[in-house]
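Open the model in your viewer and keep the selection panel at hand. The stops below each give a selection and what to look for there.

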Amino acid sequence: MDFFDLQPAEWQALLLTLRVAAAALAVALPLAVLTAFLLARYRFPGHGIVNALVHLPLVLPPVVTGYVLLLTFGRKGPVGAFLDDVFGISFAFNWTGAALAAGVMSFPLMVRPIRLSFEAVNPKLEEAAKSLGAHRIVAFLTVTLPLALPGILGGAILGFAKAMGEFGATITFVSNIPGETRTLALALYTATQTPSGDLAAFRLTLIAAFVAFAALIASEMLARRLRARLGGGNA
Amino acid sequence: MLDVDITGNVGQLDLQARFTSDGGVTSLFGQSGSGKTTLTNMIAGLIRPSSGYIRLNGATLFDAASSVNLPVQARRIGHVFQDARLFPHLSVKANLTYARWAGRRQGTRDFSEVVDLLGLNALLDRKPETLSGGEKQRVAIGRALLSDPNLLIMDEPLANLDQARRNDILPYLDRLCVEAGIPILYVSHSIEEVARLSNTLVILSDGRTPAFGPVAEMLARTDLGRATGRHEAGALIEGRVTQVDDVWGLTFVDIDGAVLQIPNMDARAGHHVRLRIRARDVSLASIPPEGLSIRNAFEAKIKSISEESGPYAEILCSVGEQVVRARITRASVADLDLFTGKTVTVLIKSVAIDRRQRSPVLPNAVEHSV
């Protein structure tokens with residue numbers, strides 16, 4: 001057997017992981033950009049509480065986060081039951097639940113760099129944009145957002161990597177079901193628990209390392225091109 | 001037509017400003033910290049005044065009494081900031097056209113006309129970070145002009161530039177002030193710029209506007225010394241070039257009642273010019289002197305002598321319809337027995353008139369001259 005010939009189960013885990021991470025990113029990134037912008041630009045009542053809530057998954061044990069998700073979004077949880085009844089969306093023990101767990105866990109890692117990059121953009125540029133007739137939303141989309149793009153990209157990469165590697169919250173929330181919630185990290189864990197799983201574990205490790213490395217290289221190249229286009233990077 | 005009467009507190013500053021201007025170039029003049037930028041930010045809509053009103057061409061931009069407060073983007077005021085504030089991720093061209101593609105302003109002003117006016121042709125494809133300070137300001141001015149504003153605010157556009165860059169950009173400002181066709185509110189703490197560019201002068205001092213009016217009239221007022229700066233005080237004189245003497249490098253300017261000889265002016269016969277003559281460069285003699293190196297000596301009638309303590313006296317002398325301002329010691333006033341109505345000889349050293357201060361007279365400046 002060729003070492004690099006992936007088993008169907010491993011292919012499954014890899015594709016599932018990419019799907020889960022991509023879905024997590026697609027939903028969490030816009031929310032992270034919005035949250036980061038609000039935290040960076042506005043001082044509102046409860047600013048500190050929102051900030052703490054955002055960062056909570058970073059400091060809580062992942063198992064706790066997973067358990068809270070289970071209690072809230074599980075079939076019997078208040079939010080989970082509501083979504084199931086009204087929209088027919090269920091997070092329990094399927095890949096969307098894995099994506100939710102990955103999104104929640106990667107959220108703080110995305111908000112942080114994005115917030116920093118928003119703070120680095122001179123708010124006076126928005127004043128200039130408005131004085132030229134641009135509505136505040138247009139000013140945000142044409143000036144602030146493009147200038148913060150390198151930081152947003154950094155946050156997205158970090159979030160994607162975290163989503164791909166998420167383990168504790170996922171296994172607690174949606175368990176370890178092959179083809180449904182068994183991502184690379186969970187498959188690797190399963191392999192290490194199997195007596196003859198050493199070779200599989202090693203292969204999975206290489207896959208995870210390769211994917212992460214490719215993502216980093218790609219983001220670095222993208223960031224370099226972005227910086228060149230934005231002119232010097234820091235506004 | 002700009003009509004402002006507002007109050008507001010920002011930080012340490014207690015602002016109470018009231019002035020009107022009839023178009024042309026209105027200069028907001030005052031020392032650092034007098035509230036110039038706060039006042040312009042209130043007019044532009046960036047800071048909310050606590051009471052009063054702001055009207056532009058009959059439209060109310062802000063009125064505390066009727067709760068009118070138009071947002072920045074609805075005021076149609078082009079704002080040239082001290083720090084240019086070009087968008088660093090956009091090319092010069094995209095910066096210039098920002099108001100059209102992001103602000104949805106369908107400008108009546110021709111793009112290439114503005115580019116020519118400000119000499120921006122060679123810069124269009126560059127990024128702001130590659131521009132010099134003066135070039136950035138020119139782009140910022142062009143960008144504001146192309147937003148089709150009803151008023152152009154220029155908040156010390158030259159403050160962050162060195163003298164060489166200033167001299168580069170001033171000719172563009174001269175042309176702009178004449179050709180813009182919209183009222184300009186020009187903020188400065190430099191009496192030279194103000195005298196050169198403006199029609200109306202608003203003096204701002206510690207958040208108050210003690211006086212406003214035609215620039216020549218304001219500069220001739222001796223009671224505003226504290227606000228206008230005693231050392232730089234001087235009068236504005238309008239004149240017409242009658243003759244250029246290439247042999248001696250002198251330009252002859254008829255100021256209606258006397259002819260001044262000025263070294264190497266950048267003007268030709270027939271040009272209208274505006275001269276600022278500092279009070280400290282003017283001497284008075286009770287009888288016409290002889291054997292002097294001073295080339296500019298002419299008779300004038302004393303209009304007023306300031307009554308104040310201290311060693312100096314400010315004296316206004318009428319020449320035809322215009323006023324020359326002199327600062328001499330009070331001891332000299334006593335020695336020469338000067339009094340209002342007396343005819344004296346005014347002496348101005350030709351080299352004292354800085355040739356950089358001159359500019360063509362603005363089209364509607366003439367009616368303002370005293």
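The tour goes from a helix to a core, then to a sheet and some backbone angles.

This is a predicted model, in which local features need pLDDT of at least 70, side-chain atom pairs count only at pLDDT 80 or more, and totals for chains, interfaces and linings use all residues. Residues are numbered from 1 along each chain as its sequence is written, while chains are lettered from A and ligands numbered from 1 in the order in which they are written.

**Helix α5 of chain B**

Select residues 133–145 of chain B, helix α5. Helices (H or I, at least four residues) and strands (E, at least two) are DSSP runs, numbered from the N terminus. Since 12 of the 13 residues are buried, α5(B) is largely enclosed by the rest of the structure. A residue is buried if 20 or more other C-beta atoms lie within 10 Å of its own, exposed if 12 or fewer, and partly exposed in between, with C-beta atoms placed from the backbone.

**B:Val324 in the core**

Next, select B:Val324. Along with A:Ala101, A:Leu184 and B:Cys317, B:Val324 touches the most other members of the largest nonpolar core, which has 164 residues. Such a core is a set of buried Ala, Val, Leu, Ile, Met, Phe, Trp, Tyr and Cys residues joined through C-beta atoms within 7 Å. Residues touched by B:Val324 include B:Ala235, B:Ile277 and B:Val346.

**The sheet of chain B**

Now show the open sheet of 5 strands, ordered β16-β20-β17-β18-β19 with antiparallel pairing. Two strands pair if DSSP finds at least two bridges between them. β16 (282–285) and β19 (322–329) are the edge strands, each with a single partner, so one side of each is left without a neighbour in the sheet. Inspect β17 (residues 296–305) and β20 (residues 343–348), joined by 6 bridges; B:Ala297 is bridged to B:Leu347.

**Positive phi angles**

Finally, select B:Arg76, in the loop between β6 (68–69) and β7 of chain B. B:Arg76 is not a glycine, yet has a positive phi of about 55°. With 22 C-beta neighbours inside 10 Å, B:Arg76 counts as buried. Then select B:Asp337, in the loop between α10 (330–335) and β20 of chain B. B:Asp337 also has a positive phi of about 55° without being a glycine, but is exposed, with 8 other C-beta atoms within 10 Å.

Note on methods: The expected span of a helix is 1.5 Å times one less than its number of residues. Two residues are in contact if their C-beta atoms, placed from the backbone, lie within 7 Å. Lists of a residue's contacts leave out its neighbours within four places in sequence.
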